[in-house]
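I opened this chain to look up its contacts, cores and charged pairs. My notes follow in the order in which I went through them.

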Amino acid sequence: LARGAQSPTKLRVEVNGEVRHQSIITDRRRIAVAAPGGASVRVVADPGVLLGAPTLYRPEARPSHIVVVVVDTLRADHLGAWGYPRPTSPELDGLAMGGTRFSRCLSPTPWTLPSTRAIVSGVHPWDWTDETATLLTRLADVGWATASISRNPWLDERNGVPRGASMIDARAREDAAEDVASAAAWLAGEADRSAVLLLHLM
């Protein structure tokens, strides 16, 4: 069970009508409750000001973690793995050497919002609607933890890019390293659960 509270909230978890957990929460909290398959699980909050529906899941021994990293206005011709002579991107160069590097990749549009919509959905920007499914919505539907971290105001909830994310972090920060630290902390908190993270860096 993972959920955040807006103010001190009394939380009670019942399994088949029996109280299995009681506590007062003030922030995002993970609570382990044993429940047999097919059990009825009820979460009661008083005063009931949770920031969304609680998420129930079964811990996994070997969860999968997917991180989609989008770097705003990054030029391939200024990266070492694509032939740039200056050492501007040692970490990305290392990833490219150990993985798959595409020598030709085209964006369907020259600006951030529609390009990112295409990345998260696989749908051409012209075909995007308010109902378009994204990687986050599809994996949330099968029980994955989902998150979006971005400082770009164009990629907020109003424009649908983080649709499906159970955690959205849009805080203004001075440095992309802080975004990366936030991403690492979130992933560490989902160590026993399959999770997908959209990380947009500027």
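**Entry 1: N152.** I began with the contacts of N152, taking contact as heavy atoms within 4.5 Å. Not counting residues up to four places away in sequence, N152 touches D72, T112, H200 and M202. I place N152 in the loop between β7 and β8, where helices (H or I, at least four residues) and strands (E, at least two) are DSSP runs numbered from the N terminus. Is N152 buried or exposed? N152 is buried, at a relative accessible area of 7%; the cut-offs are under 20% for buried, over 50% for exposed and partly exposed in between, with a 1.4 Å probe and protein chains only. The side chain of N152 joins that of D72 in a polar contact of 3.1 Å. I count as polar contact a pair of N or O atoms within 3.5 Å; within protein, one must be able to donate a hydrogen and the other to accept it, and residues adjacent in sequence count only if both atoms are side-chain atoms.

**Entry 2: what kind of model.** I note that this is a predicted model, in which local features need pLDDT of at least 70 and side-chain atom pairs count only at pLDDT 80 or more, while totals for chains, interfaces and linings use all residues. Residues are numbered from 1 along each chain as its sequence is written, and side-chain values use heavy atoms, with hydrogens and water left out. The mean pLDDT (the predictor's confidence in each residue, from 0 to 100) is 84 for the chain, and 87% of its residues reach 70 or more. Over residues 1-5 pLDDT stays under 50, and for these the model has 33 contacts beyond four places in sequence.

**Entry 3: layout.** I find four helices and nine strands in the chain. Their pattern along the sequence is β-β-β-β-β-β-α-α-α-β-β-α-β. The chain has 202 residues, of which 36% count as buried. Taking contacts between residues at least 6 apart in sequence, 59% join residues at least 24 apart.

**Entry 4: nonpolar cores.** I looked for sets of buried Ala, Val, Leu, Ile, Met, Phe, Trp, Tyr and Cys residues joined through side-chain atoms within 4.5 Å, which is what a nonpolar core means here. The largest has eleven residues, among them A145, I149, M167, W186 and L201. At least two residues of this core come from each of β7, α4 (176-189) and β9 (195-201). β9 gives the largest share, four residues. I then listed what I149 touches beyond four places in sequence, and the list includes M167, A183, L197 and L199, as well as D169, R173 and D179. A second, separate core has seven residues, including L113, L155, V161 and L198.

**Entry 5: salt bridges.** I count eight salt bridges, each a side-chain nitrogen of Lys or Arg within 4 Å of a carboxyl oxygen of Asp or Glu. R171 and D169 form one of them, at 2.7 Å from N to O. R171 is exposed at 52% relative accessibility, whereas D169 is buried at 5%. Both belong to a network of salt bridges that links R151, D169, R171, R173 and D179. E14 and R12 form another, at 2.9 Å; E14 is buried at 11% and R12 partly exposed at 26%. In the salt bridge of D77 with R75, the closest N and O atoms are 2.7 Å apart. D77 is partly exposed at 42%, as is R75 at 47%.

**Entry 6: H21.** I find H21 in strand β3 (residues 18-25). Its contacts beyond four places in sequence are L11, R12, V13, I31 and V33. H21 and V33 lie twelve residues apart in sequence, with 7.3 Å between their C-alpha atoms. The side chain of H21 also makes a polar contact of 2.8 Å with the side chain of S23.

**Entry 7: aromatic rings.** I paired rings of Phe, Tyr and Trp (its six-membered ring) if their centres lie within 6.5 Å, calling planes under 30 degrees apart stacked, over 60 edge-to-face and the rest tilted. How many aromatic pairs does this rule give? The count is one. W111 and W154 form that pair, edge-to-face, with 5.4 Å from centre to centre and 85 degrees between the planes. W111 is in the loop between α1 (90-98) and α2 (112-121), and W154 in the loop between β7 (145-150) and β8 (167-169), 43 residues apart. I have W111 as partly exposed at 42% and W154 as partly exposed at 47%.
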